[in-house]
Amino acid sequence: MRNFDELSERELLALAISLEEEDERIYADFAHSLRENFPDSATVFEQMRKEESGHRRRLQDLYQQKFGEHIPLIRRQDVKGFIERRPVWLRPALSLKAARGAASSMEQETRQFYERAAARTSDASIRRLLDDLAQEERSHENKAEELAETALKKGAGRREKEAQKKLFLLQVVQPGLAGLMDGSVSTLAPVFAAAFATHTTHAAFLVGLAASLGAGISMGFAEALSDDGSLTGRGHPLLRGVVCGCMTALGGIGHTLPFLTSQFVVAIGVAVAVVVVELGVITWVRHRFMETPALSAAVQVAFGGAIVFGTGILIGSW
């Protein structure tokens, strides 16, 4: 790697051309990744791509006037001091917030590069172009906001909020709800069966802990392996698997923890109260995020929980 202060004017212009080309392609990637769910913001990034393309052409024209046709390939990773960027194509699901944050960081870094490069050159025409580009990069953040306001007017902002809500439902709420329901309901039977069969809280706790963790691992793998999200838009499988697995384990452990006490009657009473709270949370989530009528959601959840709870008591009483 070379130090920035060691670069010649020819190398500075070649590096600037490479930087603008990279920024141009990154904005094109942002626009492509966001077009399906956030078409209006994709338009903003497409406009920013065109801006960077114009900068690159101006730099190339000046380079050819000064140094000829051949432009050496000097990249950011060849010079010390640049921030390491994570390639866009390695991101399984690019969020709108991440794209805008990355764009802001890119514009700031490029502006600082032009300011340092302009201070180092003695050629008047090169310094003038670099100063102009630094000023334009400084105004890019404001220009991006103006482009966003233009592109997001006439209901576009509302549409993008709806798209974000949809992604949140698909990637977090649905797998989390599925895990919470499975953990809360499916572990009821083994926990209470062990409790009423042995009348010892320790045995019930061990069974509940094993059932909760086992169900969490199983549901996590099942969700992660169900699809890769490329066709369904449900996001990265690892994220969905972690959310589903953790919520499954949490749903089971909630009514398992009361059996840490040695008082059997107290443990049963607290565990039943926790189950009621868990079912209430499930009902609220279904009503809040899945738009299920509150009464319908409560009846469905309570009916399923009662069947599993009764099954556990019946088996434990044999």
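How far is the sulfur of Cys 244 from the closest cysteine sulfur? It is 9.5 Å from the one in Cys 246, too far for a bond. A disulfide here is a pair of cysteine sulfur atoms within 2.5 Å. By that rule the count comes to zero disulfides.

Some ground rules. This is a predicted model, so local features need a pLDDT of at least 70 and side-chain atom pairs count only at pLDDT 80 or more, while totals for chains, interfaces and linings use all residues. Residues are numbered from 1 along each chain as its sequence is written, and side-chain values use heavy atoms, with hydrogens and water left out.

Confidence next. pLDDT is the predictor's confidence in each residue, from 0 to 100. The protein chain averages 81, and 84% of the residues score at least 70. Helix α1 has the highest confidence, at 92, and helix α5, residues 156-186, the lowest, at a mean of 71. Helices are DSSP runs (H or I, at least four residues), numbered from the N terminus. Where pLDDT is low, the predicted coordinates should not be read in detail.

Back to the cysteines. Cys 244 is buried, at 0% relative accessibility. Cys 246 is partly exposed, at 47%. The cut-offs: buried is under 20% relative accessible area, exposed is over 50%, partly exposed is in between, with a 1.4 Å probe and protein chains only.

Thr 248 sits in helix α8, residues 237-254. Thr 248 is buried too, at 0%. What does Thr 248 touch? Leaving out residues up to four places away in sequence, its contacts are Gly 179, Leu 180, Asp 182, Gly 183, Ala 215, Gly 216 and Met 219. Contact means heavy atoms within 4.5 Å.

Now a helix pair. Helix α1 spans residues 9-34 and helix α3 residues 96-120; they pack at about 170 degrees, axes 11 Å apart. Axes are lines fitted to C-alpha atoms, for helices over the stretch in contact, and angles run from 0 to 180 degrees between N-to-C directions. So α1 and α3 are roughly antiparallel, a label for angles over 145 degrees. Leu 12, Leu 19, Tyr 27 and Phe 30 are among the α1 residues in the contact, and the α3 side includes Met 106, Phe 113 and Tyr 114.

Arg 25 is exposed, at 59% relative accessibility. Its C-alpha lies 7.2 Å from that of Arg 49, 24 residues apart along the chain.

Terms used
Helix = DSSP H or I, 4+ residues; strand = E, 2+ residues; numbered from the N terminus. Parallel < 35°, antiparallel > 145°, perpendicular 65-115°, else oblique.
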